[in-house]
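Hello,

Here is the structure I said I would pass on. My notes follow below it.

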Amino acid sequence: MSEPTSTAGPGARGRRELTYAVLLCLAGAGLAFWAATRTWSVELIARASLPPSRHTRTGADLLPWVSALALVGLAGGGAVLATRGRVRRLLGGLLGLLGLAVAAGGGYGLVAGFAG
C-alpha cells in the first residue's frame, strides 16, 4: 500500500505558510492596537457628599508606545510580503521581538492596574 502524496509542491506549501504568518501577524497587531484603545484602569475619587468621580485610562494613556508598536506590527506584516530570503527572516525576528514588547507592555499594564 502506498501513502497518498500531496499534489501541492514545496512552493505551494511555502506560500500557504507565508499567508498564515502574515495573517497572524496582522491579526495580532490589530488586536494589540484595539486593546490599547480600551479602558485599562478606572480610578474612583471620593467626594464629600457627592457621588465618587470616575477617571478612566486607556492603554494608550498609560503606555503610549504600545499602540505605536502595534501600528509598526501592522506595517511589518505588509513588509514581510515585500521581502525575501534573509531580509524576510530578519524582519520576522524583529516582528517577534516587537510582539514580545507589546506583550510585556500589556503585562506591565495589568500589574500596574492591580498595584494602583
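Please keep in mind that this is a predicted model.

**One buried valine**

I start with Val-102. Leaving aside residues up to four places away in sequence, Val-102 touches Ala-32, Val-66, Leu-69 and Ala-70. Val-102 sits in helix 4, which covers residues 85–115. Is its side buried or exposed? Val-102 has a relative accessible area of 14%. The cut-off for buried is under 20%, so Val-102 counts as buried. Val-102 and Ala-29 are 73 residues apart along the chain, yet their C-alpha atoms are 9.0 Å apart in space.

**The chain as a whole**

The protein chain has four helices and two strands. Their order along the sequence is α-β-β-α-α-α. The chain has 116 residues, and 18% of them count as buried. Val-102 belongs to that buried group.

**Thr-83, in a loop**

Thr-83 lies in the loop between helix 3 (64–82) and helix 4. Thr-83 is buried too, at a relative accessible area of 16%. What does its side chain meet? A polar atom of the Thr-83 side chain lies 3.3 Å from the backbone oxygen of Ala-79. Further along the sequence, Thr-83 touches Arg-88 and Leu-91, again without counting residues up to four places away.

**What the UniProt record says**

The UniProt entry is unreviewed. It annotates residues 20–42, 62–82 and 94–115 as "transmembrane region". I compared two of these stretches with the model. Over residues 20–42, the chain is 74% helix and 17% strand. The end C-alpha atoms of that stretch are 37 Å apart. Over residues 62–82, the chain is 95% helix and 0% strand. Here the end C-alpha atoms are 34 Å apart.

**Salt bridges**

How many salt bridges does the structure hold? There are two. Side chains of opposite charge can pair when their charged atoms come close.

- Glu-17 with Arg-13: the closest N and O atoms are 3.2 Å apart. Both residues lie in helix 1 (residues 10–36). They are four residues apart, about one turn of the helix. Glu-17 is partly exposed, at 43% relative accessibility. Arg-13 counts as exposed, at 52%. The cut-off for exposed is over 50%, so Arg-13 falls in that class.
- Arg-57 with Glu-43: their side chains meet at 3.5 Å, N to O. Arg-57 lies in strand 2 (residues 53–58) and Glu-43 in strand 1 (residues 39–45), so this pair ties together parts that are 14 residues apart in sequence. Arg-57 is partly exposed, at 32% relative accessibility. Glu-43 is partly exposed as well, with a relative accessible area of 37%.

**Where to look when you open the file**

Begin at Val-102 and its contacts, among them Val-66 and Leu-69. Move on to Thr-83 and the backbone oxygen of Ala-79. Then turn to the two salt bridges. Glu-17 and Arg-13 are in helix 1.

Best wishes

Definitions and conventions. Residues are numbered from 1 along each chain as its sequence is written. This is a predicted model: local features need pLDDT of at least 70, side-chain atom pairs count only at pLDDT 80 or more; totals for chains, interfaces and linings use all residues. Side-chain values use heavy atoms; hydrogens and water are left out. Buried means under 20% relative accessible area, exposed over 50%, partly exposed in between (1.4 Å probe, protein chains only). Contact means heavy atoms within 4.5 Å. A polar contact is a pair of N or O atoms within 3.5 Å; within protein, one must be able to donate a hydrogen and the other to accept it, and residues adjacent in sequence count only if both atoms are side-chain atoms. UniProt positions are given in the numbering used here, feature names are shortened, and annotations may be inferred rather than shown by experiment. A salt bridge is a side-chain nitrogen of Lys or Arg within 4 Å of a carboxyl oxygen of Asp or Glu.
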